[in-house]
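Thanks, everyone, for making time this morning. I would like to take you through one structure, and please keep it open on your screens while I talk.

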Amino acid sequence: METAFRGPDTLQIANGRTVNGNLLPPSGIDYSMKGAIIMSMNGIDISSWQRGIDLAAVPCEFVIVKATEGTSYLNPYCGENLRQAEGLGKKLGVYHFAGGGNPDAEAEYFAANVKNCIGKAILVLDWEIQDAPNGAEWAKRWLDRVYEITRVKPMIYMSNYLVNHLNWSAVSSAGYRLWNAYYYNYGTPMGYNPDAPLPEHLGAWGTALLYQYTSEGRLDGYNGNLDLDVFYGGPGDWDAYTRVEGRPAPEPKPEPKPEPTPKPEPVITYTVRRGDTLSGIASRYHTTVAALAQFNGISNPNRIYAGQVIRIPAGSQGPAQPVYYVVKWGDTLSGIAVRFGTTYQRLMQLNGIQNPNRIYAGQRLRIR
C-alpha cells in the first residue's frame, strides 16, 4: 500500500499460531490447534511506486494493484499491471486509497474505473486515515456503495492499529472482510512467510482474510522492497470473493481428453535393382521423384545403386498390378513406349530385352 502502519509495540504476537488457512475460521476458533493442514497463497500489492515491475519475473500467486485515490487520481500503471498479471494467470485484486472526501463519490469514481475488473478481481478499500473519528462510518458508506454498484462484496485494508482504534463492528457484521497490515519483524528484509504470526487482537473481526506482514519484501525479479501478503485460502476461495452476486459461478472446465496416440504408419520399402531409376520407382508407387528424394535424403536423384533400400512415403500406394501388351505386326519398342508413356529403356529392363530392334509379333511385353 502507499503507507502501512506498524501496530504499537504493546500489542502481543500470538505464539505458535498457525493461520495460513483455507478460509480463516470465524472468531473464537483456537488457531494454535496442532496438526491443522490449511491452504494459503502468497502474493504482493503494488502501486505506481513499483512502476516498471515485470510480474513475469516476480514469483507471486496474486497481485493487488492500486487503481484510484480520492476522486481525481488514477494509477497510470494499473491497467498495464493487471493485463500482465491476468495474462500470467495470477489472481487479481484492485484497491482504492481513501481520500476522506465524499465516500459515495469516491466509491463511484473507483467503480467506474475498475468496471473491466468486476467479476475478475477482489475489490478493496485502503483505509489509512488515522485522525478520522468517523472513519468506520465513512468506510462503511464507501463499501456499501461499491457493493450496490458492482454486486461484489469488497473488503477493507488497514493497519492493525486502526483495526483496534475504531469500532468496526458495523463493517464486520455487514460481511466486509479484513485485510490486516502488521509488520511483525519491522526493519528486517524477508521473503514470503505464509506462517507469519498475526497480531493477537483483530478487533471486530477476530480474524483476517489477507495479511500484509512486511513492506520490506525481497523477491527474485525485482530490485527493491515489496509489500508481501498471504491470503488464507486457495484459488477457488479467491474466486468466490470476486464473484458478482446473482451471477452463477462459471461451470468448471472439463478436463481435456488426451489426444489418441496415432498409430505409426507401416513403413514401405523397396530395394533397388540393377537398371532401376528413381523416376521408375516413383511411378511404380504413385509418388514423385521429389518426394522420394526428400524422404530418403537423396541429393542427386540420378544416383541410386543396386541394393539401396528406398523408403516410400506413407500414403503412397503399393506397386500397381503389372500391365502387359502383345506385340503386333509392325510395332517397334520405341513406338510401344511412346504409346504407354514410358521409355524403351524401361521396357528393355522389364522384359530382359538385349536388342531394342528385335521384337516379334505375338511377344508379350510387360509395360509397368
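Predicted model: local features only at pLDDT ≥ 70, side-chain atom pairs only at ≥ 80, totals over all residues.

A search of the whole structure finds ten salt bridges, and I will pick out a few of them. The side chains of Glu108 and Arg145 form one, at 2.9 Å from N to O, and this pair links distant parts of the chain, with Glu108 in helix α2 and Arg145 in helix α3, 37 residues apart.

Another salt bridge joins Arg151 to Glu245, at 2.8 Å from N to O. Arg151 lies in the loop between α3 and β6, while Glu245 lies in the loop between α6 and β10, so the pair ties together parts that are 94 residues apart in sequence.

Then there is Glu69 with Lys66, at 2.6 Å from N to O; here Lys66 counts as buried, because its relative accessibility is 2%, whereas Glu69, at 28%, counts as partly exposed.

Turning to the largest pocket, its volume is about 420 Å³, and the elements that give two or more residues to its lining are α7 and α10. By class, that lining has five nonpolar, eleven polar and four charged residues.

Finally, where does Ile353 sit? Its place is in the loop between α10 and β13, and at 10% relative accessibility Ile353 counts as buried. Leaving aside neighbours within four places in sequence, Ile353 is in contact with several residues, including Leu333, Ile359 and Leu365.

Definitions and conventions. Residues numbered from 1 in each chain as written. Heavy atoms only, no water. Helix = DSSP H or I, 4+ residues; strand = E, 2+ residues; numbered from the N terminus. Buried < 20%, exposed > 50% of the residue type's maximum accessible area, 1.4 Å probe, protein only. Contact = heavy atoms within 4.5 Å. 1 Å grid on protein atoms, 1.4 Å probe; cavity = no way out; pocket = protein on both sides within 12 Å on 5 of 7 lines; lining within 4 Å. Points joined across faces, edges and corners; volume = space filled by probe spheres on them. Nonpolar A, V, L, I, M, F, W, Y, C, P; charged D, E, K, R; others polar. Salt bridge = Lys/Arg side-chain N within 4 Å of Asp/Glu carboxyl O.
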